[in-house]
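Please look over the sequence and the model before reading on.

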Amino acid sequence: MGEIKVSPDYNWFRSTVPLKKIIVDDDDSKIWSLYDAGPRSIRCPLIFLPPVSGTADVFFQQILALTGWGYRVIALQYPVYWDHLEFCDGFRKLLDHLQLDKVHLFGASLGGFLAQKFAEYTHKSPRVHSLILCNAFSDTSIFNQTWTANSFWLMPAFMLKKIVLGNFSSGPVDPMMADAIDFMVDRLESLGQSELASRLTLNCQNSYVEPHKIRDIPVTIMDVFDQSALSTEAKEEMYKLYPNARRAHLKTGGNFPYLCRSAEVNLYVQVSSAWSPDHLSFRESQATLPRQPFLDE
């Protein structure tokens with residue numbers, strides 16, 4: 001059993017933060033699972049969107065740390081959706097149900113792509129206050145599987161898991177990264193065939209972000225200098241797409257820095273989201289933090 005799953009922090013999180021189930025679609029099989037922690041009076045919370053392999057609890061360290069700093073944090077697990085428009089419509093209904101007009105979105109990998117698509121979907125009536133995109137991409141064609149995207153629903157679960165595991169780090173890594181990978185493998189095992197198939201479909205079906213629709217939203221691009229599933233070309237494309245974005249570079253962290261480099265990630269998240277008028281001002285937030293500038297400052 002991985003170290004994270006038996007750690008005091010994870011067990012404390014699971015024993016103190018309830019997992020909620022919410023249905024917002026007419027199809028009652030579409031269930032959003034979420035952890036909602038921190039002051040309910042905050043109407044512009046941080047919402048965390050997981051990668052293909054992730055469940056809502058992969059962000060437990062962000063929930064523990066950021067709620068301790070006074071933030072409201074919501075970590076999600078997606079229902080089964082088969083296209084981006086369907087996902088965006090369902091996510092909008094979820095925000096309506098939670099009575100949230102504006103949110104900060106942190107998206108990891110697929111979660112980052114979906115965060116951008118939702119910002120694009122709501123650009124005429126903006127719902128996204130800021131974007132933090134961790135190891136994210138802007139065009140699904142980078143995976144070279146757009147031609148197979150519509151067949152994932154036919155594949156058995158073991159084959160889908162094998163596809164996902166192929167993007168995990170296989171070389172030598174430090175103990176914290178190894179624990180993060182073990183935890184993510186365990187989370188992957190908890191996902192059913194339809195959940196995995198739908199996520200891989202969203203990850204690979206032909207789609208790209210239209211940046212002109214979200215150019216007024218503050219963006220932070222968070223990525224790592226060591227090995228991850230994203231190619232250098234995909235990272236460079238993100239920088240070109242958002243030339244004015246803040247860059248939060250982590251020296252190491254692999255595919256899952258929010259698990260194995262959580263202190264650094266949490267600091268960057270606090271700085272990036274502190275512009276919300278519903279929380280601290282940026283200057284007040286900076287006064288509470290040790291100075292750790294973004295690389296491009």
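## Around F91

In this predicted model, and leaving aside its neighbours within four places in sequence, F91 is in contact with W32, I47, L49, L76, L105 and F118.

F91 also belongs to the largest nonpolar core, which has 93 residues. Those with the most contacts inside this core are I47, F91, F106, L131, M222, Y242 and Y258, and I47 is itself one of the residues that F91 touches.

## Helices α5 and α7

Two packed helices are described by the angle between their axes and the distance between the axes. For helix α5 (residues 157-165) and helix α7 (residues 193-204), the axes come within 9 Å and cross at roughly 45 degrees; α5 and α7 are therefore oblique to each other, and their crossing is left-handed.

On the α5 side, the residues that take part are A157, L160, K161, I163 and V164, and they meet Q193, L196, A197 and L200 in α7. Sorted by class, this contact of α5 with α7 has seven nonpolar residues, one polar residue and one charged residue.

## Helices α4 and α7

Helix α7 also packs with helix α4 (residues 110-121), and here the axes come within 10 Å and cross at roughly 65 degrees. The crossing of α4 and α7 is left-handed.

From α4, the residues L110, F113 and L114 meet R199, L202 and N203 in α7, and the residues of this contact divide into four nonpolar, one polar and one charged.

Note on methods:
Residues are numbered from 1 along each chain as its sequence is written. This is a predicted model: local features need pLDDT of at least 70, side-chain atom pairs count only at pLDDT 80 or more; totals for chains, interfaces and linings use all residues. Side-chain values use heavy atoms; hydrogens and water are left out. Axes are lines fitted to C-alpha atoms, for helices over the stretch in contact, and angles run from 0 to 180 degrees between N-to-C directions. Helices (H or I, at least four residues) and strands (E, at least two) are DSSP runs, numbered from the N terminus. Angles under 35 degrees count as roughly parallel, over 145 as roughly antiparallel, 65 to 115 as roughly perpendicular and the rest as oblique. A crossing is left-handed if the near helix is turned anticlockwise from the far one by less than a right angle, and right-handed if clockwise. Contact means heavy atoms within 4.5 Å. Ala, Val, Leu, Ile, Met, Phe, Trp, Tyr, Cys and Pro count as nonpolar, Asp, Glu, Lys and Arg as charged, and the others, Gly among them, as polar. A nonpolar core is a set of buried Ala, Val, Leu, Ile, Met, Phe, Trp, Tyr and Cys residues joined through side-chain atoms within 4.5 Å. Buried means under 20% relative accessible area, exposed over 50%, partly exposed in between (1.4 Å probe, protein chains only).
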